Amino acid sequence: MSDLLVDRDGPVLRVTFNRPASHNALTFAMYEGLHDACERADAEDDVRVLVLRGAGGRAFVSGTDIAQFEGFDGPTGVAYEERISRVVRRLEDTTVPTVAAVDGYCIGGGLALAAACDLRIATAASRFGVPVARTLGNCLSMDTYALLLGHLGPARTLDMLLRARLLSAEEVHTAGFVTQLADDTAALDTSLAETVDALASHAPLSMWATKQSLVRLRRAGLPNGDDIVARVYGSADFQAAVRSFGAKERATWKGE
């Protein structure tokens, strides 16, 4: 069975992250598959909505598969973050409205993908965050920081990242990040269907103009952060933390 399922349902193109045993952790091939799905959504004239969802009911996406980080150094880290930003930006730039349906953990790269969608619907038990300060000791690209900052604000973003804290669905709903809360999976399905129906009936160019204008405003004046990424991914702390994670041991931080 494919790790990434892409299927049509009338005017809706659905992408399902399909590694439930790994909480839908993303491989590089899955990132590329999502990029291809965005291309398909724009290429097929009768697609009106793109929906992203995780399989299994326990996670949307739990981040990038840690095995992908073996042998990283500073330049590799910069290339990796550029690769993720390429997919995130492609998702942002998709012509049709995009909806993330979150049921469970929405972590790391999963949070970036959900943030790149236009709307987010989540079950009340879902959790959101990027706990790298206590797991791998890596960082995000400037583009992803800007994306989270725009959605959550500086105080909540700093609290989430510095304390490596997972935010509750209620917290991110209060922040406006999640547009609709559902009690359970069944209610999520109902809310998603209602949202998709509404989006599919609206004027495509009006929605595209809104999406693209907000994207351009977000990206205006975005500084380069490659030096930050290179220092962190090239650090002894990060390389040791990847080894510790694989051995199921707690990382020890030296700040170097």
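The following legends describe close-up views of a predicted model.

**View 1. The six-stranded open sheet.** Six strands make up this open sheet, which has mixed pairing and the order β1-β2-β3-β5-β7-β10. The edge positions are held by β1 and by β10 (180–182); each has a single partner strand, so one side of each is left without a neighbour in the sheet. From one strand to the next, the twist averages 20°. Strand β7 (residues 119–123) and β10 run parallel and are joined by 3 bridges. Within this region, A122 is found opposite L181 of β10. Strands of a sheet pair through backbone hydrogen bonds, in either a parallel or an antiparallel arrangement.

View 2. The pairing of β4 with strand β6 (residues 105–107) is parallel and comprises 2 bridges. V61 has C106 of β6 opposite it.

**View 3. Helix α1 and its covering elements.** Helix α1 contains 16 residues and spans 23 Å between its first and last C-alpha, close to the 22 Å expected at 1.5 Å a residue. Its buried residues are F28, M30, Y31, G33, L34, H35, A37, C38 and A41. The elements that cover these buried residues of α1 include the strands β1 (4–9), β2 (12–17) and β3 (49–54), together with the helices α2 and α3. An α-helix has 3.6 residues a turn, so residues three or four places apart point the same way.

View 4. The structure holds 19 salt bridges. One of them joins the side chains of R86 and E32, with an N to O distance of 3.0 Å. R86 belongs to helix α2 (residues 74–92) and E32 to helix α1 (residues 28–43), so this pair ties together parts that are 54 residues apart in sequence. R86 is partly exposed, at 40% relative accessibility. E32 is likewise classed as partly exposed, its relative accessible area being 22%.

View 5. The side chains of R218 and D143 form a salt bridge with an N to O distance of 3.1 Å. This pair links distant parts of the chain, 75 residues apart: R218 lies in helix α8 (residues 204–219), and D143 lies in helix α4 (residues 142–152). Both R218 and D143 are buried. The two residues also belong to a network of salt bridges that links R89, E92, D93, D143, R218 and R219.

**View 6. The surroundings of E92.** E92, a member of the salt-bridge network that also includes R218 and R219, is located in helix α2. Its relative accessible area is 6%; since the cut-off for a buried residue is under 20%, E92 counts as buried. When neighbours within four places in sequence are set aside, the contacts of E92 are A116, L147, K211, V215, R218 and R219.

**View 7. The salt bridge between E171 and R165.** The closest N and O atoms of E171 and R165 are 3.0 Å apart, and the two residues form a salt bridge. E171 is partly exposed, at 27% relative accessibility. R165 also counts as partly exposed, with a relative accessible area of 22%.

View 8. The disulfide count for the model is 0. C117 takes part in no disulfide, and the nearest cysteine sulfur, in C38, lies 8.2 Å away. C117 is buried, at 3% relative accessibility. For C139, the closest cysteine sulfur is that of C106; the two sulfurs are 19 Å apart, which is too far for a bond. The relative accessible area of C139 is 5%, and this residue is buried.

Notes
Residues are numbered from 1 along each chain as its sequence is written. This is a predicted model: local features need pLDDT of at least 70, side-chain atom pairs count only at pLDDT 80 or more; totals for chains, interfaces and linings use all residues. Side-chain values use heavy atoms; hydrogens and water are left out. Two strands pair if DSSP finds at least two bridges between them. Helices (H or I, at least four residues) and strands (E, at least two) are DSSP runs, numbered from the N terminus. A salt bridge is a side-chain nitrogen of Lys or Arg within 4 Å of a carboxyl oxygen of Asp or Glu. Buried means under 20% relative accessible area, exposed over 50%, partly exposed in between (1.4 Å probe, protein chains only). A disulfide is a pair of cysteine sulfur atoms within 2.5 Å. The expected span of a helix is 1.5 Å times one less than its number of residues. Contact means heavy atoms within 4.5 Å. Axes are lines fitted to C-alpha atoms, for helices over the stretch in contact, and angles run from 0 to 180 degrees between N-to-C directions.
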